[in-house]
Amino acid sequence: MGSPGGIDKVRAIFERAVMNVGLHMTKGQTLWEAYREFENAILSTVQPPPGRIPSHEEQELLNTQLERIHTLFRRQLAVPLMDMEATFAEYEEWSENGVSETVMHQYKNALQQMEKRKAFEEPLLVAEPPKLAEYQAYIDYELKEGDPARIQIIFERALAENCLVPDMWAKYTTYLDRQLKIKDLVLSTHDRAVRNCPWTMGLWKSYLLALERHGSDHQTVSDIFEKALNAGFIQATDYVEIWQAYLDYLRRRVDFSKESSKELEELRGAFSRSLDYMKQDVEERFGESGDPSCIIMQIWARIEALHCKNMQKARELWDSIMTKGNAKYANMWLEYYNLERSYGDALHCRKALHRAVQCTSDYPEHVCEVLLTFERVEGSLEDWDAAVQKTETRLNRVNEQRAKVAEKEASQVRQEEERAEQRRRAKADKKAQKKTQKGILTGEKRRAEQDDYHDEWNEDSEQAPKRHRGNGDPTIEEYMETETGLFGKSAPPGYKPAPPGAKAAQQGATAAAHRQKDDKPELRNDNSSVFISNLSYTLEEPEAKLRTLFETCGPIKQIRPVFSNKGSFKGYGYVQFESTVSVSEALKLDRREVAGRPMFVSPCVDKNKNPDFKVFKYNTSMEKHKIFISGLPFSCTKEQLEEICKNHGTIREVRLVTYRSGKPKGLAYVEFADETQASQAVLKMDGMDVEGNKISVAISNPPRRNMMENPGSSRPMMDMMPRQVHGARGRGRTQLALLPRSLNRQSGTANKVENGTAAQPTPATAGSAANAAGDTKPLSNSDFARMLLNK
């Protein structure tokens, strides 16, 4: 500033600064204030000392400086900047004559623009770099508004933090090429783009076009092209495209009205160099030429034929194209044929089509049709006969080849089916072998325990009570047989135990007789019955209790609670109504609390006849209108949870997840009216403190249920295997069982109900009852007989 002309140089720097970044909404104000501070400092040097009247020259200099400051204030207030209200207040205080209407109008207009852009500026202030999405939204808005200065400043701001994003440079340069078209600005931006992202072929291609568009000299364009070749593109096709762009530029320089010129020779030399470059440099680097269809050679051939009238050179180029593996493609031959039709003669057209019929393998019918059409228009009778014979011979050969290929494929399919059948047979044989080995082991165990079985003849004097099968066939009644059969507590004189197979057959016949009896319409009707489960074993007078609960649903025909051998209630039973209309009313009592436990009510369905029937009544896929809450205190009630959630939307249903015993799990599902309300609830409630517990809230996405109880399963003991217990949100990631199978003890405890499942009836076998009681006594023959009959 102290040097001669220094003040003017500083002013010029400030003007360049406000021209480039003065529109920056968040940082531009700092620059304007610095500019005004600079001018105020000059004002303090030209003001006369207090008490002295300034001379005429000093007064003019003072007025000039004051006008500069006024102008800066007016220019700044016309630009939408953050915190511009403070600038306006400062100007009101500084100005002796007040604020003019023009300045006030400009200020209000700028204030409105600032309010519109604040919605884009505020996300930029809080977002983490590189803020690409926020800048993209801001750019789209400014492009819609159409102010070139503001579009330029937002692009520059975005590129300052995203200088390695090629798409951002491409969008900016495209806007400059199509809208501003200022040579220095456009070319300098293109140069910055390729300097920051040299690996992007599209930026180099745009740069070459911009140089040609703005009339740059040939040497400059050639130098930029050479830099592009050395930029290191990431794929072979990029080199093909950059060569095409450069060759197009050279072709536009040629004056084809002259037979020979320097530019034409340079164009032909560039074509030859491009082919060598593709063959040597590109193919060695990428393992491919990047131009399998020989696009560059096709363009060269068309230029020679169209502009240079040199069909001989064009034919040589097409011969080279066909020798590079393109002779089998119909479209390549048709392209050459069209070139001959346009610039050649009929003789060469006929030769091209005959060669095409002989060589084409992808669409030979199409090429044959083109040849016949050509001969209809151009050829003689001899030419037509030759074409027909040629096409028929070729098509017959093609059909034979296709038949051989089809036969080969069919043979491969048959071989694959045979291998698959062999694998299925081997698998079936392996399973049969395992079953045989298991039967042998069971027989050995029975013989080893023969003495124990003889002691059982005198244990019971009464006939075994009737028992219901609970797994899928809740209405079948059968007598529980023991070793005494139907003879009472002791065997008749001379009785000898029958072989295991004969006994199983006898028990099966007995069960079949009872099943036939129980299938009578007057005894059972699944359509008008419901299955009741999860009741307390200690429930007193279960029949009377169930009648009291369900008599409001409709007239009851019969109630069948299921009891064990010792006469104790087993916690489940059946209610049969007079009409099927009562079933829907009864199902509404599902989860009703009875003696401190939730009572499960489900349709009475024979799963042997309906293996695909699913009892689980809740959705197992993502439910965007429903939230899942975990970590709730066990004391939280449905009403308390509804009170917490109702502030976030309209609640349709609140469901607390409990164990079979009725005790809460600390989990819940809350269904809202729509997805938006559920999303807002997740955002507001996740991490909330409820009675000292920090809850977790997410959109409901229950794990998939694997229904292992399929009656058609090939695993005979699956009914007695306990379902694997997982966490509240599904299996672990690996889904691997690390416990050895020899240590995996069976458990007959009731299956846990996850995410609101309705309990499924479980076969009440002797083995499961023993395990449930914690008894480790070995199973007897009668136990295994019951298990076999149940299966």
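Reply: In helix 27, the buried residues are N781, S782, D783, A785, R786, M787 and N790. Helix 27, which spans residues 781-790, is thus mostly covered, since seven of its 10 residues are buried. Please keep in mind that this is a predicted model.

The protein chain has 791 residues, of which 38% count as buried, and its secondary structure comes to 27 helices and 13 strands. Among contacts between residues at least 6 apart in sequence, 65% join residues at least 24 apart.

E304 has its place in helix 14, residues 295-306, and it is buried because its relative accessible area of 2% falls under the 20% cut-off. The side chain of E304 makes a polar contact with the side chain of R268, at 2.9 Å. Leaving aside residues up to four places away in sequence, E304 touches R268, K309, N310, K313 and A314.

A352 sits in helix 17, residues 346-359, and it too counts as buried, with a relative accessibility of 2%. When residues up to four places away in sequence are not counted, A352 touches W333 and Y336. The C-alpha atoms of A352 and Y337 are separated by 6.2 Å, although these two residues stand 15 apart along the chain.

The axes of helix 3 (residues 56-77) and helix 4 (residues 84-94) come within 10 Å and cross at roughly 150 degrees. Because that angle is over 145 degrees, helix 3 is roughly antiparallel to helix 4. The crossing of helix 3 past helix 4 is left-handed. On the side of helix 3 the contact is made by L66, I69, H70, F73, R74, Q76 and L77, and on the side of helix 4 by M84, T87, F88, E90, Y91 and W94. Sorted by class, the residues of this contact between helix 3 and helix 4 are eight nonpolar, three polar and two charged.

Helix 6 (residues 132-145) and helix 7 (residues 148-161) pack at an angle of about 165 degrees, their axes lying 9 Å apart. With an angle over 145 degrees, helix 6 is therefore roughly antiparallel to helix 7. Helix 6 passes helix 7 in a left-handed crossing, where Y135, Y138, I139, E142 and L143 of helix 6 meet R150, I151, I154, F155, R157, A158 and E161 of helix 7. This contact of helix 6 with helix 7 has eight nonpolar and four charged residues, but no polar ones.

With helix 8 the angle is about 15 degrees, and the axes of helix 6 and helix 8 are 12 Å apart. As this angle is under 35 degrees, helix 6 and helix 8 are roughly parallel to each other. Here again the crossing, that of helix 6 past helix 8, is left-handed. The residues that make the contact are L132, Q136, I139, D140 and L143 of helix 6 together with M168, K171 and Y175 of helix 8. They divide into five nonpolar, one polar and two charged.

Lastly, some loops deserve a careful look at the backbone. Most residues other than glycine have a negative phi, and most peptide bonds are trans. P130, in the loop between helix 5 (101-126) and helix 6, is joined to P129 by a cis peptide bond with omega of about 10 degrees. K181 lies in the loop between helix 8 (166-180) and helix 9 (183-196), and its phi is near 55 degrees, a positive value in a residue that is not glycine. K181 is exposed, because its relative accessible area of 54% is over 50%. E691 is found in the loop between strand 11 (689-690) and strand 12 (693-694), and it likewise has a positive phi, of about 55 degrees, without being a glycine. At 49% relative accessibility, however, E691 counts as partly exposed.

Methods. Residues numbered from 1 in each chain as written. Predicted model: local features only at pLDDT ≥ 70, side-chain atom pairs only at ≥ 80, totals over all residues. Heavy atoms only, no water. Axes fitted to C-alpha atoms, helices over the stretch in contact; angles between N-to-C directions. Helix = DSSP H or I, 4+ residues; strand = E, 2+ residues; numbered from the N terminus. Parallel < 35°, antiparallel > 145°, perpendicular 65-115°, else oblique. Left-handed = near helix turned anticlockwise from the far one by under 90°. Contact = heavy atoms within 4.5 Å. Nonpolar A, V, L, I, M, F, W, Y, C, P; charged D, E, K, R; others polar. Buried < 20%, exposed > 50% of the residue type's maximum accessible area, 1.4 Å probe, protein only. Polar contact = N/O pair within 3.5 Å; in protein donor to acceptor, adjacent residues only side chain to side chain.
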